[in-house]
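Here is my notebook page for a first look around. Have the view open and follow along with me.

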Amino acid sequence: MSALLGVLVTSTRPTLPDVGVFAVAAAIVLAGAIGVVVARNPVHSALMLVMTLFGVAVLFVLQQANFLAAVQVIVYAGAIVVLFLFVIMFLGVDREEDVAKEPLRGQRPLAVALVLLGTTGLLLLGQVSKWTTGQPRAAGPDTGAPNVNLIGKSLYTTYLFPFEATSALLIIAVVGAVVLARRPPAATSSGAVAEADADPGETGPDPVAAVDGEPPVATGVADDRATAATAEGAAGVAGGSPPPAGAEEREVDA
Amino acid sequence: MLHVTYLIILLPLVGFAVLVAAGRRLGDPAAGVVATVAVGASFLVSIGVYLDLLTVDAPVRSYSQNLWTWIPVDRLQVHAALYVDPLSMTMVLFITGISFLIHLYSIGYMKGDKDFPKFFLYMNLFVASMLILVLGSNLLITFVGWEGVGTCSYWLVSFWFTRDSAASAGKKAFVYNRIGDVGFLLAIFLVYDKVHSLDYQVIFHRIPEIGPANVTAICLLLLVGVMGKSAQIPLFPWLADAMEGPTPVSALIHAATMVTAGVYLLCRVSPLLHASPDAALTVAIVGAATAFVAATIACAQQDIKKVLAYSTVSQLGYMFLAIGCGAYTAAIFLMVAHAFFKGLLFLGAGSVIHGLHDEQDLKRMGNLRAYLPITFITFGIGWLCIAAVPPLSGFWAKGDVLDNAWAAHPALWVVGIVTAALTAYYMSRLTGLAFFGSDRWAGSHGDTPEPDPAHAHHADGAVSEPHESPWIMTVPLWILAFFAAIAGVMAIPDSQFSLARWLDPVFASTLYHDNLSSTALWTLAIVDAVVAIVFVVIGLRLWSQRADRPALEGAFLRGAWYINELYDAVFGRPSERLAAFCADVVDPRVIDGAVNGVAGAFRGSGTVLRRTQTGYVRNYVLGITFGTVIVLGFMLTRMWWGG
Amino acid sequence: MSINPAWYLSLSVVLFAIGALGVLVRRNVLIMFMCVELMLNASNLAFVTFARTLHDIGGQVLVFFVLVVAAAEVVVGLGIVVAIFRRRASANADDLHLMKG
């Protein structure tokens, strides 16, 4: 690849400022990345992530992808990481996790080994491969006009369909997120409980059910697992009741 | 009338169908009447067909009727077709006629049996099958009838299947038949291979193409089939055991009809036998040997029906001897005469058994001529016929066979005449023990080998006087006795009754023309007569007063040359051991082991592979990474060593 | 233009590897998510590099799309995390092993 790129790149020797900027940005990126992986506190991780994103934005600018750098900072660092932080703070998961302990047997050594192997492989691939198709300018030149103009033109002509599809995707994502994250109304009707909880098969202490002090009327029609879970939780609280016993049995060993 | 030949077969089948549907409702005796009427109607139709056939010119006296095409497959075209010629008409006439009489007799004999309708159902089906056999115009139709009679024989022999011995006897009969059938089937295959047609006329035309070696092979294979069906050596033991069936069954199937199917078959393929002298000689030798062996066994039997069974085997041997010597007409003559007098003898024996409330042991009979006069007279006629005492039919028929044997293979004539002597002797022994002497039955009671339900109320011990059978049983006896006596007229050459002239269109080209001088013929006839009379007298003298002569009843003969024991040791035990081996070792360990092993292997591999499904997402990501690394490795190797 | 693109690509590879390692090693769901973002960034970097070397704006457009999709993915993913968390008050990926076969 270096040989191929050597042909394509009409390069002069790199200038010192360029190299310097690259080195610093690279250092920032890697430091941030390692920080994300290593930090115990999720908030620290998020902040390290921001650092990485900035570094990458710098690298974009270095490669004349100015618009992208701006978008990267605004969207990634400005929105996505903020969203992360919101969730972290909101759910109260800023407790520290013990990184040193690894409950899954063999996970860490294998992970390190495989990742190292993969990296070496990819780097080697870079050396020997001819994986570029050599079809420059499928979409258009990348210089000759401001970056924004070029990207814009491309978006609205060659890549119009993906553009429209992506906008639809965004709407779907928003709707999905709203549905997923909707807190169920604190009601006593088992129907609402069944509706709101979109993931099935979960047992375990249900904080909502614990609020529900009155044991639901468990009839033979109650084949909804959420209902059964609720009955189980309530029965556990109330001290057991015979009618839902059958449903409980089925639920407990799921 | 010829064009309704199919009715001959159809009428008994209709009877069968009616009895299947409504037999139980019809009951005793209506079911029997239905069956008898069906067979009687068939007999009348066959007379009509016979008369119609006479109008056809003698040299080409035959009629074919193609009912429908059964197997239209490329090179094999088999039609459901009937072929009427003098040979098949002879068979049809005496089959339907004797069947009618036996059906009539059975209405009386089987009275009171709880399965009365079922009996007649099977009998009608049997008659229909036998008619298919003899009227078929190709080997395959004949084979259909062949199998049909075998199956009906199985059903009828094991009619009282709640008795173990009867059930076993039925199976034995069927299995021996099947062994023979393998030969028949192989013959069919060979014929098809060489001629590509199974039609008799086509085969006979193409004999030159088949080649002598193949013709011999075909004939020998057919002989194997015949050995099974007609109880020749080595497949004869089933016939004696088949006496477990009701006596009318023995009379019809094992004397007059089914066992003669083999004779018919070999006569039908007479052109083939004519083309293969080796096969013909084999047939003759087999026939002669069987006749002799069976006759010796009959000399020492105690059961009245067993004597008659071995006698049948012996007489069949004579018929095959005749066929092997090229004397087809003689064979047919003996077959017809034998059907009459053996049928008569069996029905008479049935009458005796019936009269003595199910006693079959000769040693416990005696002096029955005083109590069963009609039976005695008719049985006596049958006895003299089979002993070949002139001027009854047996004398002429057996004489014909022996004359031809003398002309063709004198050594076999010797065997034949010795057997004739033995025949006269053992039949006289039987008659003497049963009808003469003292009332040996007075002190004991029958062991009920045949559960005769009409006399169930006598089962408690005291034996009352034997009584003559009712008219429905004695009328058939008279009719058969009449025909048995006069059937000799068929021997008169160039007369209206001459069997030879009647069968000439069928056998003309293949008939063996013995060139015996009239001196030779007279000498042989006198020898036959003398031997017959002398041994009849000897038999009567020895056995009419005394019932116990152990010196003359050796264990070897009584045990039928121990052939059953031989087969058991050679085939029976090893088969049982093989079956036990398969059941105990092959089935559980090999077959189940393989199946369970496969299942177990899958289960085991599943158990092992399941360990990758830990449920932890991180493990799964590890798996993805692992896959990616593999793909990378593949790409790298491609880059480096292949590009 | 002046810096050898191979360096950028190598950096991208290393960044990707670190992200992958993070997903494999960390148990906290949110941190795993952030590591996935790292991997996406690595691929963005590679795209931009290729856009430059091949003089094709398509690479940059693709980065644009990747960005958008990553955003949507984060939104939905975090929604799921919230829903799970509400049930079990734990963001530990190891607690979700009900699909154990």
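I began where chain C touches chain B: 12 residues of chain C and 10 residues of chain B take part in the contact (contact means heavy atoms within 4.5 Å). About 990 Å² is buried between chain C and chain B, 59% of it on carbon and sulfur atoms; buried area is the accessible area, with a 1.4 Å probe, that two parts lose on being put together, summed over both.

A note on my source: this is a predicted model, where local features need pLDDT of at least 70 and side-chain atom pairs count only at pLDDT 80 or more, while totals for chains, interfaces and linings use all residues. Residues are numbered from 1 along each chain as its sequence is written, chains are lettered from A and ligands numbered from 1 in the order in which they are written, and side-chain values use heavy atoms, with hydrogens and water left out.

Next I looked up salt bridges (a side-chain nitrogen of Lys or Arg within 4 Å of a carboxyl oxygen of Asp or Glu). I found 0 between chain C and chain B, and 9 in the structure over all chains. One joins the side chains of B:Lys172 and B:Asp241, at 3.2 Å from N to O. B:Lys172 sits in helix 5 (residues 164-195) of chain B and B:Asp241 in helix 9 (residues 237-241) of chain B, so the pair ties together parts 69 residues apart in sequence. Helices here are DSSP runs of H or I, at least four residues, numbered from the N terminus.

Note on methods. Helices (H or I, at least four residues) and strands (E, at least two) are DSSP runs, numbered from the N terminus.
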